Amino acid sequence: MALVELKNIRKTYHAAEIVRGVSLTIQPGEFVVFVGPSGCGKSTLLRMIAGLEDISSGELLMDGRVMNAVEPAGRGLAMVFQSYALYPHMTVRRNMEFGLRLARMPDAERAKRVGEVARILKLEPYLDCKPGALSGGQRQRVAIGRAIVRHPKLFLFDEPLSNLDAELRGHMRVELATLHRRLGATTIYVTHDQVEAMTMADRIVVLRDGAIEQVGTPLELYRRPCNRFVAGFIGSPAMNFLPLTVVPTETHEVRVELAGGVSLTLPIHYQTRLVGIPATLGIRPEHVRIAHGDEAAFRGNVLAVEHLGALTLVHVRLPDDRMVVIQAEGDADLRIGADLSFAFPAAHCHLFDAAGVSCALAG
Amino acid sequence: MRPGSPFPRRLALAVALVQTLFPLYWALVTSFRRGPQLFSTAPFARPDFGNYRQVLSDPSWWRDAANSLLSASAVGVIALLLALPAAYALGRMSFRGRGVILALLLGCSMLPQIAILSGLFTLISRLGLYNRLGSLIFADLFFALPFAIWLLAGFFRDLPRDLDEAAMLDGCGVLRRLTLIHMPLIWPGIVATGLLTFMNCWNEFLFALTFTLSDSARTLPVSIGLISAPSRFELPFGIIMSASLLATLPPIFLVLLFQHRIAAGLTAGAVK
């Protein structure tokens, strides 16, 4: 278990700044997920922690020791690559014990460790196979096994599940989470898949353009995204966004007006700076309520219905041509082309100012 | 041949086959003939191994073969030893001037032999290698090395980069990455490069003719070229052909020996 500290880490490639001053402290035993769209610098950041890329400026500390100039093998970490990067000419056993051999570990202990890891990962029948004879999921487990046998203080995962099919991915997600609880090692996991981030992380770090947008537990990020980017990135299906204007009021709460003359009062502290600027309302599909009568402030035309079994996603077109996705019950009886009325419960509405920063933090 | 193959394809195949094999076949037929029979144009001959017996009973043929074997093996081994680290650097590391070096290497291996012959000759006499096997090894390396580096660099370049990084995390330095990870993976490429280099030197004629004088350092292609009859009005085709055919056997044998090593697909399973 390692305490990892990143202090204003930067990476520049040919005058382009890929990572722009990232500072973060990762507690011992924590499972942290770096998530963001491709090109956000998350993999570069991970590779800098691994020692595979030089750190242009800033400091990387592990357990209080500066690691910037330490060789990858000397950092006490293990990494699982997206491509698995198994040694194809070695058997599964050799693959797993390769690092231990190089470290001149005695035979008996090495065999014990490999046996133990093979048992945990159910790889015992394949120990003498070459990676080429294994399926994708098995190779992935070998790659994880190769990392575990070294008893690293820090685990790094670089999109390890993206080459697997959906079913296996779901399965491995649970396995990895279980494994982490069992081993307790500090883990940094990079992914572009917010579902992986939400399901596995103790804390999620959302990155964009080489900088941290927000750090928090999955539920914090879900409930209180600090800006429009995080709000749109976390949660599936993605949050709906609608333009609005804030109208002046005498109360403490914000009153907003949306296209079509609909107005809402949001439990957000009123700020005069918001009045008149182009702001955005955000609401998650699962929070939109299909309603009737007075309660239903919005009306739209059902454009598409996706039945997912347990729930139904309804794509609705508003009179001003904007789209809203609504998550309804699985047995909801909805027909394409029909009119639908619905409401936005004020407690679940997010308000973002012109710069995309959330105004909800006060409420 | 599959039933239903279109006729033009069969015809093309037949033409290609005849074009490739006929000279060899003619050499074989000629090698069975002696005396006036040599001028026969009949496409068949009764197998008569008299020429072969004569070639093989000549001790100088065996010495020349040994010379060829020695110089070609030496060039193959030295070229591989020097080319491996160079190709590793050119194929897997990025540094300033890499492209220029690769282009220069390619340029070198494209030069016609004759263009560097006089320069090499001066160099070799200064080094005191003239009329020694060393001169051939030295001269052949001039072409073998760029060729081997160029080929091997391609093999190194195609290896997945993640493997390097995984090995770095496992604690491998450059040398151990090369010997424990990369070389086993490009082994077929190394074998193929070594074989090609060997064959090029085995067949090399111009340098061997220029840089050797006496029997002691003569190689097979030159010795075959110098085979003559007692009378100046006669060229012993039969003996020349049997010696030539015998000279093709060692490379063929080597290829057969290493054939299973060249089988590709060794990197399957590294990634994805």
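Trainee: Where in chain B does Asn131(B) lie?

Mentor: This is a predicted model, so that applies to every value below. Asn131(B) has a phi near 60°, a positive value in a residue other than glycine. With 16 C-beta neighbours inside 10 Å, the residue falls between the limits of 12 and 20 and therefore counts as partly exposed. Its place is the loop between helix H5 (113-126) and H6 of chain B.

Trainee: Ala85(A) also has a positive phi. Is Ala85(A) buried or exposed?

Mentor: Phi of Ala85(A) is about 50°, although the residue is not a glycine. The residue sits in the loop between strand E6 (77-80) and helix H2 (92-102) of chain A. There are 26 other C-beta atoms within 10 Å, and 20 or more are required, so Ala85(A) is buried.

Trainee: Which two residues of chain A are joined by a cis peptide bond?

Mentor: The loop between helix H8 (228-233) and strand E11 (240-247) of chain A contains Pro237(A). Omega of the bond is about -5°, and the pair is Ser236(A) and Pro237(A).

Trainee: How many helices and how many strands does chain B have?

Mentor: The pattern along the sequence of chain B is α-α-α-α-α-α-α-α-α-α-α-α. Its C-alpha atoms fill a box of roughly 75 × 65 × 30 Å along the principal axes. The count for chain B is 12 helices and 0 strands.

Trainee: Among contacts in chain B between residues at least 6 apart in sequence, what percentage join residues at least 24 apart?

Mentor: Chain B has 272 residues, of which 31% count as buried. For the contacts you ask about, the share is 75%.

Trainee: How far apart are the end C-alpha atoms of residues 136-157 of chain B?

Mentor: UniProt, in an unreviewed entry, lists "transmembrane region" for several spans of chain B, including 136-157 and 235-258. For residues 235-258 the span is 92% helix and 0% strand, with end C-alpha atoms 37 Å apart. Residues 136-157 are 100% helix and 0% strand, and their end C-alpha atoms are separated by 31 Å.

Trainee: Why does Thr197(B) count as buried?

Mentor: Thr197(B) is in helix H9 (residues 187-202) of chain B. Not counting residues up to four places away in sequence, it touches Val75(B), Gly76(B), Ala79(B), Ala144(B), Phe147(B) and Ala148(B). The limit is 20 or more other C-beta atoms within 10 Å, and Thr197(B) counts as buried because its number of C-beta neighbours is 27.

Trainee: Which helix gives the most to the side of chain B that touches chain A?

Mentor: In this interface, 20 residues of chain B are in contact with 22 residues of chain A. The elements giving two or more residues to the chain B side are helix H7 (161-169) and helix H8 (174-185) of chain B. That side divides into 13 nonpolar, 3 polar and 4 charged residues. With 6 residues, the largest contribution is from H7(B).

Trainee: How far apart do the C-alpha centres of the two domains of chain A lie?

Mentor: Chain A is divided into domain 1 (4-233) and domain 2 (240-362). Between them, 7 residues of domain 1 are in contact with 10 residues of domain 2. The C-alpha centres are separated by 38 Å.

Trainee: Which are the edge strands of the open sheet in chain A?

Mentor: The sheet has 5 strands in the order E15-E19-E16-E17-E18, with antiparallel pairing. Within it, 6 bridges join strand E16 (residues 298-307) to strand E17 (residues 311-317) of chain A. The strands that pair on one side only are E15 (289-290) and E18 (323-329) of chain A.

Conventions
Residues are numbered from 1 along each chain as its sequence is written. Chains are lettered from A and ligands numbered from 1 in the order in which they are written. This is a predicted model: local features need pLDDT of at least 70, side-chain atom pairs count only at pLDDT 80 or more; totals for chains, interfaces and linings use all residues. Helices (H or I, at least four residues) and strands (E, at least two) are DSSP runs, numbered from the N terminus. Two residues are in contact if their C-beta atoms, placed from the backbone, lie within 7 Å. UniProt positions are given in the numbering used here, feature names are shortened, and annotations may be inferred rather than shown by experiment. Ala, Val, Leu, Ile, Met, Phe, Trp, Tyr, Cys and Pro count as nonpolar, Asp, Glu, Lys and Arg as charged, and the others, Gly among them, as polar. Domain bounds come from an automatic or database domain assignment. Two strands pair if DSSP finds at least two bridges between them.
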